[in-house]
Every structure is written in structure tokens, then in C-alpha cells.
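Let's walk through this structure together, one contact at a time. Have a look at it first, and then read on.

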There are 2 protein chains.
Amino acid sequence: MNVKEYIEKNRGRFQEELFSLIRIPSISSDPSHKNDMQECALRWKNLLLETGVDMAEVMPTSANPVVFASKVIDPSAPTVLVYGHYDVMPVEPLELWNTDPFELVIQDGRLWARGADDDKGQSFLQVKAFEIALREKLLKCNVKFLFEGGEEIGSPGLEDFCLAHKDLLKSDIILVSDTSMVGADVPSITTGLRGLAYWEIEVTGPNRDLHSGIFGGAVANPINVLCKMIAGITDNDGHITIPGFYDDVEEVSAREREMLAAVPYSEDKYRESLDVKALFGEKGYSTLERTAIRPTFDVCGIWGGFTGEGSKTVLPSKAYAKVSCRLVPHQEHEKISGMFIDYINRIAPDYVRVKVTPMHGGEGYVCPIDLPAYKAAEKGYEDAFGKKPLAVRRGGSIPIIAAFEKVLGVKSILMGFGLESDATHSPNENMPIDIMDKGIEAIVGFYREYGR
Amino acid sequence: MNVKEYIEKNRGRFQEELFSLIRIPSISSDPSHKNDMQECALRWKNLLLETGVDMAEVMPTSANPVVFASKVIDPSAPTVLVYGHYDVMPVEPLELWNTDPFELVIQDGRLWARGADDDKGQSFLQVKAFEIALREKLLKCNVKFLFEGGEEIGSPGLEDFCLAHKDLLKSDIILVSDTSMVGADVPSITTGLRGLAYWEIEVTGPNRDLHSGIFGGAVANPINVLCKMIAGITDNDGHITIPGFYDDVEEVSAREREMLAAVPYSEDKYRESLDVKALFGEKGYSTLERTAIRPTFDVCGIWGGFTGEGSKTVLPSKAYAKVSCRLVPHQEHEKISGMFIDYINRIAPDYVRVKVTPMHGGEGYVCPIDLPAYKAAEKGYEDAFGKKPLAVRRGGSIPIIAAFEKVLGVKSILMGFGLESDATHSPNENMPIDIMDKGIEAIVGFYREYGR
């Protein structure tokens with residue numbers, strides 16, 4: 001049976017299985033969902049066992065549990081480790097969703113739900129491709145699975161788990177479906193990822209909320225101060241002003257910048273899809289470069305003072321922000337994090353107290369395109385999409401990928417099938433059904449090739 | 001019977017009456033409290049009728065209703081109009097209150113509740129002083145009362161009400177207890193008030209929350225932009241940078257600055273009571289000047305992006321701030337408001353959309369100290385506190401005071417008895433019982449004198 005027929009014949013079961021994962025609100029950033037993490041891991045274990053793995057276990061870590069599974073075809077054959085994550089992002093603001101985020105809705109040729117792409121959908125297509133390769137006797141390698149429950153919060157506990165289970169996780173290559181392609185008709189493999197550093201800043205002014213008439217003008221307002229500090233972190237050209245911040249940033253070669261410039265891209269369409277009149281980013285770099293090879297500074301959230309209905313006047317006691325930097329390969333997230341904290345403490349004026357708490361972080365990653373596994377992945381995309389995939393660096397971060405290389409000594413191939421329109425991390429996350437089908441085909445294609 | 005004896009004899013009833021006002025959560029900024037406004041106005045009407053006024057009515061306005069009452073002693077005698085407000089500020093953050101904000105708790109010689117000072121407590125002492133003056137036959141003037149329900153949100157509808165009821169409100173002087181003194185042992189009358197302008201700023205970036213890895217660096221982040229705009233409104237010396245902002249600011253005479261410098265004040269104590277290491281304000285002015293005769297720019301609230309537990313990465317679509325300026329006499333709030341909106345629109349970069357909504361505002365006010373009514377007020381303070389009150393300008397705003405002058409052509413005497421420690425607009429609002437007693441004595445003293 002060919003792959004397309006297999007998918008068509010099993011479509012109802014596939015969707016039921018995916019729905020059983022979607023239905024569990026496994027939001028890792030919210031401690032109240034702790035039980036959902038356990039339940040989702042267990043669901044994966046059972047789905048993996050049904051595909052025909054030799055063993056599958058839910059294993060504890062210092063944070064959320066991982067699911068580990070293994071299928072040995074031939075002890076002397078190479079081994080693939082498939083990594084994915086079963087946790088999802090929060091769903092707020094709920095009012096912007098057109099459907100219940102935890103119900104799988106099929107509409108307009110797409111699957112709509114939180115995690116439809118990131119990463120329940122993409123992990124699922126990995127597992128279904130394995131199922132097909134196994135049952136159709138296409139496998140020429142051993143396959144292990146490692147699905148974790150904390151990717152969206154920086155994979156706490158997973159690096160330690162890898163250190164403690166190096167033998168169990170022994171493999172020749174890691175396969176990951178948790179990235180995006182340039183477009184539905186422009187298949188691409190992500191060969192670079194940005195790193196991440198994330199902090200919470202707390203600014204304390206007076207010891208209580210004050211009457212802004214009686215005290216205003218004489219006592220520093222912590223929101224005003226926070227805004228000034230944040231404003232000072234970037235200049236008007238979009239450069240980050242923290243001394244030493246760019247020291248380790250890789251100067252990308254002219255050749256690679258040319259390759260990036262060759263990626264099909266319409267600035268007008270990009271702008272229009274976001275409904276912005278103009279784009280803004282670091283001077284001297286194109287949009288694709290800004291998101292791929294340059295670090296960033298973004299405020300992810302800010303709050304303080306009176307935020308209710310109406311117009312209360314107050315000089316508040318506290319102001320908060322959650323801020324993050326995307327980092328590029330060679331920037332060490334711990335070094336950057338220390339640098340940032342020192343800088344904020346240095347620029348903090350003496351009329352407020354400032355506390356900076358590092359939240360999570362990870363290094364960037366680069367994948368060489370001459371690995372046999374990369375070639376097998378290329379072949380898989382060609383099978384499914386009818387054209388050779390581009391090799392592109394992308395802006396997102398999967399900190400654990402760099403950790404895998406450091407701890408396990410194994411490179412990862414990022415066979416992702418997301419699209420910009422999938423709205424990962426946003427309301428109305430979705431994944432086109434035909435792209436999911438092609439993703440399965442591409443991975444089956446990889447298995448046809450790899451270990452031959 | 002003297003005033004102290006009268007208060008002592010009636011203390012139980014007085015506290016019950018005040019409690020009946022406190023208990024009604026008349027928060028004007030929250031539309032869900034609409035019915036409480038009506039109920040609180042009605043409660044005042046009945047309390048006023050019990051004191052012996054000729055008539056009292058709850059009267060509609062385009063916003064919350066007002067309470068109007070009147071007592072005619074002699075049609076040829078001068079008339080005092082007592083102004084107060086029955087609305088209160090919101091009570092958030094509730095967790096910082098030691099008691100229920102809508103229960104009157106008596107402890108450590110103080111009355112604790114939202115509105116204990118501002119302005120249920122202070123309006124109440126006006127009414128009780130009137131009751132004593134009337135019953136003890138000390139009144140030599142007619143007395144009217146006007147209590148409104150929107151002072152904390154800029155008195156919407158009240159100026160129109162005054163325009164429509166000029167005859168009803170006809171008076172020779174307005175008495176207001178809604179301000180503070182320099183200290184419990186330093187009685188003072190407020191002779192200047194700052195004006196106010198208040199806006200909400202909405203900054204829209206992309207049309208949806210974005211993945212900060214995929215888009216970060218290439219699309220302007222509305223929180224970063226909002227912070228930059230807010231940061232730019234003041235310079236490092238605490239001056240406001242909006243062109244023309246200071247044009248109409250009164251240059252206060254050297255003599256008045258000397259008087260202000262003579263007000264007893266300890267910078268160390270002020271700093272310590274706020275638990276800040278240093279003070280910050282406009283360069284070239286003292287703390288008392290900064291809060292009395294200089295305009296300010298304060299962010300009252302800010303919000304946007306992810307503000308929950310944990311560390312979600314997001315490039316948000318929206319960012320908001322509520323910001324306000326305290327203004328000084330001669331700065332017209334509508335002119336300043338227009339200037340601010342123009343400025344923000346001018347500095348808004350073209351990669352975001354910015355909307356500025358004016359919320360409420362009012363002019364500043366100056367009271368001459370040679371008015372007969374001012375002299376009578378001075379005498380009242382001397383009776384109660386044993387020393388002549390200082391004449392000081394204060395930083396707060398009561399926009400309707402300037403409107404009274406404009407529409408009714410009548411000056412106001414600000415016989416306020418608040419203290420800094422009363423925590424108006426903050427959690428744990430309170431008023432010392434002995435200060436409330438002295439406030440009643442001082443106003444009775446005013447009535448002994450005025451119209452003689």
C-alpha cells in the first residue's frame with residue numbers, strides 16, 4: 001500500500017487519536033495543569049504502544065515526565081531518536097479563538113486547536129510516519145522516541161534527564177518536527193535556530209500606591225522608570241545597547257546571506273498579512289536576516305498600576321515586565337543572561353529598587369547540510385512536495401536541541417512542517433490537513449532512505 | 001453646649017451615620033456600581049433631612065445623581081454652598097487591606113474604610129458641623145449642600161448641572177472639605193490646586209499575537225514602542241519634553257516660593273515613610289515645589305502581552321497605558337490634552353497604530369487669602385487647633401473647583417482636614433477620630449464668624 005492510501009484508509013482513526021491528545025490541556029507554564037501533563041504523557045505512551053514499539057514508558061524527571069519508547073529492528077543498524085513535546089502554550093486571550101482550543105475542529109481543510117501544529121500535530125505525524133514505515137516494512141533503522149512536557153518553558157529537567165540516561169538515549173541522529181517551512185509550496189529544512197534568554201523585571205518605587213496629586217512630581221514612578229529602562233535597551237536603529245551583547249554573534253558569510261536572500265519572500269505580502277504599515281528591525285539587515293541570524297530584544301508582557309475600567313489616578317508602587325532576547329549561534333545564553341542582569345542593575349536609578357529574575361534560556365543551533373541523515377531528509381521532502389527543500393536558518397528557539405548536541409553528542413535534523421499561517425503560540429492555531437499528510441510522506445521517505 | 005460636648009454626646013449616632021455611608025460601595029469608575037451611586041445619594045438626602053435642612057433632593061445629571069439640600073436662615077444673609085462627593089476610589093489591590101474597605105473599623109484612634117477621609121468622612125464632618133451650628137443657633141448665613149457622585153472620575157455632568165441650575169446654586173462662597181493639611185500639628189488651608197489631564201494610549205502592532213522567535217526582530221513590538229514613547233515624554237532632568245507644555249505655567253513669585261520653603265518638612269522622614277532611597281523630580285525645584293507648583297507626567301497603569309505565571313514568549317499585538325498630567329494654574333486642561341494627543345500622534349512611528357483617548361481633566365485653582373470667608377476659615381482652624389493655619393498650595397486636583405469659579409462665579413475655600421497618613425486612594429484609607437472632631441470644631445468656628 002502506498003503512503004497516501006494508508007493515510008486515507010486510516011484517516012478517521014488518525015484524527016481520533018490526535019483528538020485524544022488535543023483534548024488534554026497540557027499547558028506547561030501553568031502549574032494548575034500538572035495532572036494534565038501526566039495524563040498527556042500516558043496518552044502518548046499508549047498511542048506509541050499501539051503503533052508497535054517494543055516498549056514505551058512514562059519516566060519521571062525533576063519537572064514534567066517524559067515519554068520514552070523504542071523499536072529495535074537490528075542492533076547493528078543506526079538508531080534514530082525522535083524528539084517532540086506534548087506541552088502546549090497558554091490559550092489567552094480566549095475571546096480571540098473562533099473555536100474551543102481544546103476541541104479538534106476540522107474546517108476549511110485545516111485542523112484547528114491549541115497544539116494542532118506545535119507540537120502535538122507535528123509529533124503525531126512523526127509517530128504515524130513511523131507506524132507506516134514499520135507496518136509496510138520500510139524501516140532500515142532502529143527508532144526511539146522522546147516526548148517531553150516542558151519545551152514551551154525551556155525544557156526544565158530534560159538536560160539532567162539526558163545526562164542520567166545517556167545509554168537509553170544513545171542514537172546516531174535526532175529527528176525533530178517542531179519548526180516551520182518557508183511556505184506550503186516552498187518546502188524547507190531548518191538548519192539554524194536562535195537561542196533564547198528570558199527575564200522578569202520587577203521595579204519597586206514607594207512602598208505603597210500613592211495619590212498622584214499629593215506625591216506626583218516628587219517621587220519616582222516605577223512604571224515611568226521601567227519604560228525608560230526598556231526604551232534604553234534598544235537604540236533608534238534597532239540595535240541592542242547592552243555593552244558586549246554582540247561580541248559572540250557569528251558574522252554570517254556573504255554566501256549564506258546570499259542564500260537567505262534567494263528565499264522566495266514578498267515584503268508586501270508579509271506586511272499585509274500582519275496588517276502593519278511598515279516593518280521595523282535592526283538597521284543594515286533584511287527581514288529574513290533579522291529573524292534568522294540576528295538577536296532581538298522583545299517585551300513579552302508588561303503590567304503595573306491601575307489597569308481596570310475608567311481613569312483612576314495613582315502613582316503605583318510596582319511595575320513588572322517579562323522580556324526576552326532571541327540569541328544566535330555562539331551567543332551563550334547564560335553569559336547573555338548575566339550580562340543583561342548586570343546591565344539592568346547598573347542603569348537602575350537609585351530612586352527605585354530593581355529585581356531581575358532569569359526565567360529560562362538556551363543556545364542556538366546550526367545543522368551541517370552534508371550529513372547522511374540530512375540527505376535522507378531532503379529526499380523525503382522531495383518525495384512529498386515534488387521539490388528539493390531549501391536549507392534555511394529560522395528565528396525560533398528550541399533550546400534543548402543545543403543541549404542534545406552538548407550532552408548526547410548527537411546532531412538533530414529539523415524536519416518541521418509548520419506554516420506561518422498555523423498561528424502557533426496564538427489564538428486559532430491550526431494545521432492544514434494536506435500539509436500533515438505530506439509531512440507523514442516526507443518522514444516515511446526519510447525512513448526509506450536512512451540506513452540503507 | 002460646647003462643640004466637644006456635643007460630639008461626645010452624639011458620638012455613637014455619628015459613627016452609625018458615617019457607617020451607613022461607608023457601607024455603600026459607591027465606586028464611580030466602575031459602571032457595575034451604578035445602583036450604589038443612587039443608593040448613596042439617597043442615604044445622604046435622608047441624613048441631611050435629619051440635620052434640619054428645609055429641603056433635600058436627589059437630582060439627576062447626565063452622569064451620577066447629585067444631592068442638593070438647603071437651609072435658609074435669613075434671605076438677606078450671605079449663603080454658603082458646601083460641596084462634597086459621595087463617590088470613592090476603587091479598592092484594588094484588595095489583599096493589601098487589613099480590614100474590609102466597606103466596613104467602618106475603629107482601631108488605634110482611627111476610622112478605617114474606603115472613603116473614611118476622601119470624601120465620605122470629610123463631607124460628613126461638614127454636615128455634622130452644620131448640624132451643631134444650626135441646633136446651637138450659631139448660624140448667621142444660609143447653607144446649601146451639593147454632593148456629587150463623580151469627583152474621582154472628573155465630575156462628568158456636574159458642570160452642565162451647574163449651568164442648568166445657576167439660581168439654585170447661587171451662593172457667596174463655596175466650602176469644601178476634600179484636601180489635606182501639612183500635618184496633624186501643622187493645620188493648613190489649601191490655597192492652590194493642580195489641574196489634571198488623563199489619557200488612555202493604545203498601541204497596535206501586528207494584527208495578532210505573534211511567535212517572537214519567528215517574527216521577533218522584523219516586526220515592531222508594540223510594548224517596546226509604547227515604552228519608548230513614554231520614556232521620551234520626560235527627559236533625564238524630569239522635565240516634560242512636549243513642545244509648548246510649560247508655556248502657560250505660572251512663574252511663582254520668589255515670595256511665594258519662600259513661604260513654601262518655610263513649611264515644616266523633613267526630606268529624610270518623607271523618604272523613609274515611602275521607603276525609597278532617593279527622591280526624583282524636576283531639576284531646579286524642591287520636593288514641596290514639585291508637588292505644589294509644577295506640572296507632572298505619571299503613568300497610572302500599563303499593560304500588554306503575557307502577564308500570567310511563567311515565561312511565555314510572545315510578540316504581542318497590543319499595548320496600553322493610562323497616563324496623566326497634573327497641571328498648575330493657567331494651564332488649560334483642554335489645550336494641554338490636545339497638545340499631548342498631537343504630540344503622541346507625531347512621535348508615533350509608522351510601524352504601529354496609536355490611539356490616544358482623553359479621559360478626564362480640569363483646571364488648577366488659586367484662592368486669594370484676603371477674602372472674608374478665608375479669614376473666617378482661618379479663625380475656625382485657630383479655634384480647633386490652637387494655631388493659625390498655613391496657606392499652602394497642594395498637588396492634588398479637584399477639577400470642579402475651577403469649574404465652579406467659571407460657571408457660578410464663586411470662589412471656594414478648601415477647609416480640608418486630611419493627613420498624608422490617611423492613605424486616600426490607597427489600601428487602608430483611614431482618618432484619625434481626633435482630627436475629625438477638630439474638623440467639625442473648625443467648621444463650627446467658621447459658622448460663628450461668617451456673616452457676622
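Domain bounds here come from an automatic or database domain assignment. On that basis, chain A is divided into domain 1 (3–193 + 364–449) and domain 2 (195–249 + 295–362). A word on the ground rules: this is a predicted model, where local features need pLDDT of at least 70, side-chain atom pairs count only at pLDDT 80 or more, and totals for chains, interfaces and linings use all residues. Residues are numbered from 1 along each chain as its sequence is written, chains are lettered from A and ligands numbered from 1 in the order in which they are written, and side-chain values use heavy atoms, with hydrogens and water left out.

**Inside chain A**

The centres of domain 1 and domain 2 of chain A, taken over C-alpha atoms, are 35 Å apart. Their contact (heavy atoms within 4.5 Å) takes 12 residues from domain 1 of chain A and 7 residues from domain 2 of chain A. By class, the domain 1 side has 5 nonpolar, 5 polar and 2 charged residues. In this scheme Ala, Val, Leu, Ile, Met, Phe, Trp, Tyr, Cys and Pro count as nonpolar, Asp, Glu, Lys and Arg as charged, and the others, Gly among them, as polar.

The size of an interface is often given as the accessible area lost when the parts come together. Buried area is the accessible area (1.4 Å probe) that two parts lose on being put together, summed over both. Between domain 1 and domain 2 of chain A, this is about 670 Å², with carbon and sulfur atoms giving 57% of it. On the domain 1 side, A:Gly364, A:Ser397 and A:Pro399 lose the most area to domain 2 of chain A, together 54% of what that side buries.

**Where the two chains meet**

How many residues of chain A are in contact with chain B? There are 86, and they touch 86 residues of chain B. Of the chain A residues, 35 are nonpolar, 32 polar and 19 charged.

Two kinds of pair are counted in the table. A salt bridge is a side-chain nitrogen of Lys or Arg within 4 Å of a carboxyl oxygen of Asp or Glu. A polar contact is a pair of N or O atoms within 3.5 Å; within protein, one must be able to donate a hydrogen and the other to accept it, and residues adjacent in sequence count only if both atoms are side-chain atoms.

| Parts | Item | Value |
|---|---|---|
| Domain 1 and domain 2 of chain A | Salt bridges | 0 salt bridges |
| Chain A and chain B | Salt bridges | 2 salt bridges |
| Chain A and chain B | Polar contact (both at pLDDT 80 or more) | 42 residue pairs |
| Chain A and chain B | Buried area | about 7400 Å² |

A salt bridge between the chains pairs A:Asp275 with B:Arg353, whose closest N and O atoms are 3.6 Å apart.

Why do the copies meet through the same surface? Because 100% of the interface residues of chain A are also interface residues in chain B.

**A local detail**

A:Ala423 has a positive phi of about 55° although it is not a glycine. This residue is found in a loop of chain A, between strand E15 (412–414) and strand E16 (430–432); strands (E, at least two residues) are DSSP runs, numbered from the N terminus.

Notes. Helices (H or I, at least four residues) and strands (E, at least two) are DSSP runs, numbered from the N terminus.
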